[in-house]
Amino acid sequence: MPLAATAELVAAARAAGTAVLAFNVITLEHAQAIAAGAAAADRPAILQISQNAVRYHAGVLPIAAAAAEVARLCPVPLGLHLDHVEDVTLLRQAADAGFSSVMFDAGALPYDHNVAATRAAADWAREQGLWLEAELGHVGGKPGAPASAHLAGVRTDPEEAARYVAETGVDALAVAVGSSHTMTTRTATLDQELIVALREAVPVPLVLHGSSGVPFGELRAGVGNGIVKVNVGTALNVAFTGAVRAALATDSSVDPRRYLSAGREAMTAAVAELLAVLPEPSGAPALG
């Protein structure tokens, strides 16, 4: 199946009262597991590759090409998204590398500089036919971010968010509502009232980062209240690493396919489980 455009996946989810899950790809096994899990659940999804993953692979083309080919072989629609890009040079490689969307991250800059940089990125992305996501507020768990997602002033303010979207022209906004990156346990509590306020204030789709640490009930409620794109990364790494450790503890083979396949199967199950958490689409035709 041809690659799906992120904009179309998000729009379809929004119209159907649900969300689309975006899973981080680090290795080929990640991409294969996401595709297999999406196929098993019969739900669309997004393969997203972060700037850190690009750095790990010493360039965007190898991992993007591999992920795109995996997506094309999948029987359900899959998109390709470039995530948490701070490097403008990498941003400008997105279209040629096959991505339909980018999350441009200028969150470390002062507000006015953030707006200027993000406006320039959004203008360029629109010229290339790319959908652009940005972030306002501080989702914890990343270098330079506040240590807690519950500190005063870290969450996204609805009035500021509406102004930011108008000033930057972005297509979607990632918001800080209580989740945190790199959490390995599901103990985060989302501010559901804030999600509703943001949905009412902001005209573009809302994105939740750090979803691996959000309990399933909280996640489902957040989607019901207005989250349209849900990013997941650490949950796949937890499943993968646990399965690899277990395989290595009981198998003396030196063939990496033995333990990598165990990790891939565990990630596939995690993807299918997460997709089943989302509210069922209602009132809109499915893509594909």
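Helices here are DSSP runs of H or I with at least four residues, strands are E runs of at least two, and both are numbered from the N terminus. What you have above is a predicted model, in which local features need pLDDT of at least 70 and side-chain atom pairs count only at pLDDT 80 or more, while totals for chains, interfaces and linings use all residues. Residues are numbered from 1 along each chain as its sequence is written, and side-chain values use heavy atoms, with hydrogens and water left out.

Let's start with Tyr259, which sits in helix 11 (residues 256-277). With a relative accessible area of 24%, Tyr259 is partly exposed, a class that falls between buried (under 20%) and exposed (over 50%), using a 1.4 Å probe and protein chains only. Beyond its neighbours within four places in sequence, Tyr259 is in contact with Val244, Ala247 and Leu248, where contact means heavy atoms within 4.5 Å. Val204 is 55 residues from Tyr259 in sequence, and their C-alpha atoms are 42 Å apart in space.

Now to the strands. Strand 2 (residues 45-50) has six of its six residues buried. In a regular strand, side chains alternate between the two faces of the sheet. Here both faces are covered, with Ala45, Leu47 and Ile49 on one side and Ile46, Gln48 and Ser50 on the other. Strand 2 runs parallel to strand 1 (residues 20-24), joined by four bridges; two strands count as paired if DSSP finds at least two bridges between them. Leu21 stands opposite Ala45 in this pairing. Six bridges link strand 2 to strand 3 (residues 78-85), also in parallel, and there Gln48 has His81 as its bridge partner.

Next comes the nonpolar core, a set of buried Ala, Val, Leu, Ile, Met, Phe, Trp, Tyr and Cys residues joined through side-chain atoms within 4.5 Å. The largest has 79 residues, and those with the most contacts inside it are Phe23, Ile49, Leu82, Phe99 and Leu132. Helix 4 (residues 60-72) gives the largest share, seven residues. A second, separate core of twelve residues includes Ala13, Ala22, Ala174 and Val207.

Finally, there is one aromatic pair. Rings of Phe, Tyr and Trp (its six-membered ring) pair if their centres lie within 6.5 Å, with planes under 30 degrees apart called stacked, over 60 edge-to-face and the rest tilted. Tyr111 and Tyr164 have ring centres 6.1 Å apart and planes at 55°, so the pair is tilted. Because Tyr111 lies in helix 6 (residues 111-128) and Tyr164 in helix 7 (residues 158-168), the pair ties together parts 53 residues apart in sequence. Tyr111 is partly exposed at 22%, whereas Tyr164 is buried at 0%.
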